[in-house]
Amino acid sequence: MECALPGPWPVLVGQPEAEAFVAETVRDLLRIVADATLTPSSRAGAFASAMVRVADVGGIADLILGARASGLTPARRQRFAATLASHVGHAYDGRLWCGSADDFTLLGSTAPKLDEVVVRFTVRDRRAFAPIQMSWRVFRSVGGWRLIDMEYRGIWLVDAHRSRGRQRKGETCR
């Protein structure tokens, strides 16, 4: 018996290149978090810089801003992207246990779209009852893999910011 797939391509499971990219990136970020020689602000800055190197921050900004992105000047787009990277750096700072980079466990990956992979993993935190489980959506670009979204507890960063922007759009300034 054959089953018809709902999409134009099959969902692929196990993408070694994307998994290797995520594993290396998460371990690098954990090394930054664990660096006791850094002050909190320099650690957040180093984390944000690392995120800019591996993430398609401009693409993420476009996804978050939606139609409003086309109205931004290049300078404002760059400032928004830098603010977003800094926001992510501050969001993680002090929230992950400063352990070793080996506290990362790969759970697997699926490719719901062509050149796009969702990689699931855990990060062990001795302060938490169970490891922290996350997913990263990565995209294969000309220069290699790039992070385009991240999920924690069922909430994807881009979707959360997009919905927050829609809520603010309905608000009026007083």
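Reader: How many aromatic pairs does the count come to here?

Author: Keep in mind that we're looking at a predicted model. Rings pair up if their centres lie within 6.5 Å. By this rule, the number of aromatic pairs is 2.

Reader: What kind of aromatic pair do Phe-104 and Phe-121 form?

Author: Their centres are 5.3 Å apart, with 40 degrees between the planes. Planes under 30 degrees apart would count as stacked and over 60 as edge-to-face. This pair links distant parts of the chain, Phe-104 in strand β2 and Phe-121 in strand β3, 17 residues apart. With its 40 degrees, the pair is tilted.

Reader: Which residues form the one aromatic cluster?

Author: Phe-121 pairs with Phe-104, and Phe-121 also pairs with Trp-136. Put together, the cluster is Phe-104, Phe-121 and Trp-136.

Reader: Which ring does the charged end of Arg-137 sit over?

Author: A charge counts as over a ring only if it is within 6 Å of the ring centre and within 35 degrees of the ring normal. The charged end of Arg-137 is 4.4 Å from the centre of its ring, and that ring belongs to Trp-156.

Reader: How far apart are the end C-alpha atoms of helix α1?

Author: Helix α1 has 19 residues, and at 1.5 Å a residue it should span 27 Å. The model agrees with that, since the end C-alpha atoms are apart by 26 Å.

Key. Residues are numbered from 1 along each chain as its sequence is written. This is a predicted model: local features need pLDDT of at least 70, side-chain atom pairs count only at pLDDT 80 or more; totals for chains, interfaces and linings use all residues. Side-chain values use heavy atoms; hydrogens and water are left out. Rings of Phe, Tyr and Trp (its six-membered ring) pair if their centres lie within 6.5 Å; planes under 30 degrees apart count as stacked, over 60 as edge-to-face and the rest as tilted. Helices (H or I, at least four residues) and strands (E, at least two) are DSSP runs, numbered from the N terminus. The expected span of a helix is 1.5 Å times one less than its number of residues.
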